[in-house]
Amino acid sequence: MGEPVAVIGAGLVGCLASIALAKRGYKVTLFEYREDPRLTSTTDRNLRSINLAISARGISSLEYVDKDVCDRVLEGIIPMKGRMIHDTKGNQEAQNYGLFGECINSIDRAVLNSRLLNELDALENVEVKFGYKLVRINFGDIKQNCIFKTRQNAEESFEFDFVVGSDGAYSTVRAQMQHAVRMDYSQEYIDTCYIELYIPPAKTFNDDFRGPFSISPNHLHIWPRHNYMLIALANSDGSFTSTFFGPWSLVETLNSKSKIEQFFFANFPDAAHLMGLDHAVQAFLNHPKGALMCVECKPYHVPGGKAILIGDAAHSMVPFYGQGMNCGFEDIKVLMNLLDSQSPAEAFESYSQQRHKDLVAIIELAKANYKEMSHKVTSKAFLLRKKLDSILARVLKGKWLPLYTMVSFRADIPYHKAIEIEKRQMKILNFIQAILLALTAAGTIRAFSRLRRLLKRSG
Ligand code: FAD
């Protein structure tokens, strides 16, 4: 059996990293402080969204680890070809994501996590230990000594060649690494609270959508209201998981049945009808209120091949580009590629060097996308620009790529490159827009002079 390594955190990223490492011959022990999610009820969920959007980067990384695993864990995902914008009168307007029918996909977080754990069960060189909370790491010259609190509140320690930290935004691995390396680190809370809501399946089979869906399952539904919004993604049983995002100061004022009802009537009347007003009231009064934060750090490793951070532990981001998990899966692809040709010490070093600019880029893109989803999608000027952007992309096939396409559908374009290309394209787009405006202005002046001449003649 190969070198013993520890993966901390059996979330989506830790599970996939364990599969990838096991396939490379490492002897993997995956530690998770929660109990096995497959044994707990589905209503016993933590603060985070039930369903996620998985797109090209996530899918290509799963395929890279193992094509069969990818097919099995993604079975039944629901393609979403665009946004469906809901206005306050209940009108809906579709805005496609891709140029050629490309889709992002809705998948149940718990189902994906359970399926990845099932895949791990089938691998001989992986052991999963639930109920083990990492509390300390002593980084040694050769072995890394990891100390855990067990569910009996006892301490147990294990030694590994290296440690992979995939223990999420509040990572203990990261905190331990900070004692061993001069790590730059920042954490920023965004003034947005999120609350999860639920739209039940329709009572009857809906021929339009081939299922018990009350609205199109193949769109990401958005109720954009400028500095707050509601979104909804379909689940395979016909229901939708909906999430409200808004400033904390607003949410704090929505503290009574009548205020919440009024708020929904004024802003989301059709959504209130779909989910039931009582449900909306209960959700605002009783559901957990989630905070959103961004984490950036550098480097991601302890020199000597002792430890490496991936997933949210390395780069927590706001969820508005639907890239957190996708990016975490991509971390694994990048890291495994390096491990295939380098020692862990070299590979971890290269990873920190190479990956940082992409992680900084996607954290920024994710922040910027809140404005696009909650506000810009309702602006005529923005939609016109988008139209121009997609016309150029169609005409210049492959030579012009909208930003959303590069981020969500092109796993071969690193995030930082996507930003560079977008900046170049925006300069050109600004120029074209200025010319079009000038032409329109000149046309309008000519039309007025002609009208004046005609009026003079007729007078
Ligand atoms: P986590 O999922 O946080 O897993 C970390 C695991 O480590 C947990 O199981 C935890 O119990 C365990 N752990 C923590 N500390 C310890 C310890 N000391 N010892 C042992 N175990 C420990 N991403 C997308 O790609 N698409 C989306 O559409 C999307 N939507 C989102 C919507 C919302 C509202 C939010 C909040 C996030 C969304 N994300 C989305 C982001 C995505 O959820 C995360 O990026 C992803 O879950 C990160 O996975 P992870 O495995 O790195 O971390």
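Colleague: How many aromatic pairs does the structure hold?
Modeller: The count is 29 aromatic pairs. Rings of Phe, Tyr and Trp (its six-membered ring) pair if their centres lie within 6.5 Å; planes under 30 degrees apart count as stacked, over 60 as edge-to-face and the rest as tilted. Bear in mind this is a predicted model, where local features need pLDDT of at least 70, side-chain atom pairs count only at pLDDT 80 or more, and totals for chains, interfaces and linings use all residues. Residues are numbered from 1 along each chain as its sequence is written, and side-chain values use heavy atoms, with hydrogens and water left out.

Colleague: Why is the pair of F31 and F158 tilted?
Modeller: Their planes are at 50 degrees, so the pair of F31 and F158 counts as tilted, with the ring centres 5.3 Å apart.

Colleague: Which strands do F31 and F158 lie in?
Modeller: F31 is in β2 (residues 27-32) and F158 in β11 (residues 155-160), so the pair ties together parts 127 residues apart in sequence. Strands (E, at least two residues) and helices (H or I, at least four) are DSSP runs, numbered from the N terminus.

Colleague: Is F31 buried or exposed?
Modeller: F31 is buried, at 1% relative accessibility. Buried means under 20% relative accessible area, exposed over 50%, partly exposed in between (1.4 Å probe, protein chains only).

Colleague: OK, which residues form one aromatic cluster?
Modeller: Y228, F244, F263, F264, F268 and F284. F264 is buried at 0% relative accessibility, and F284 is buried too, at 1%.

Colleague: Switching topic, what order do the strands of the open sheet take?
Modeller: The order is β3-β7-β4, with antiparallel pairing. The edge strands, β3 (51-54) and β4 (78-80), each pair on one side only. Two strands pair if DSSP finds at least two bridges between them.

Colleague: How many bridges join β3 and β7?
Modeller: There are 4 bridges between β3 and β7 (residues 104-108). N51 stands opposite D108 in β7.

Colleague: And which helix packs on the sheet?
Modeller: Helix α4 (residues 109-121) does, touching β3 and β7, and its direction makes about 75 degrees with that of β7. Contact means heavy atoms within 4.5 Å. Axes are lines fitted to C-alpha atoms, for helices over the stretch in contact, and angles run from 0 to 180 degrees between N-to-C directions.

Colleague: Last one: where does the charged end of R57 sit?
Modeller: Over the ring of Y415, 4.0 Å from its centre. K133 has its charged end over the ring of Y33, 5.0 Å from the centre. The cut-offs are NZ of Lys or CZ of Arg within 6 Å of the ring centre and within 35 degrees of the ring normal.
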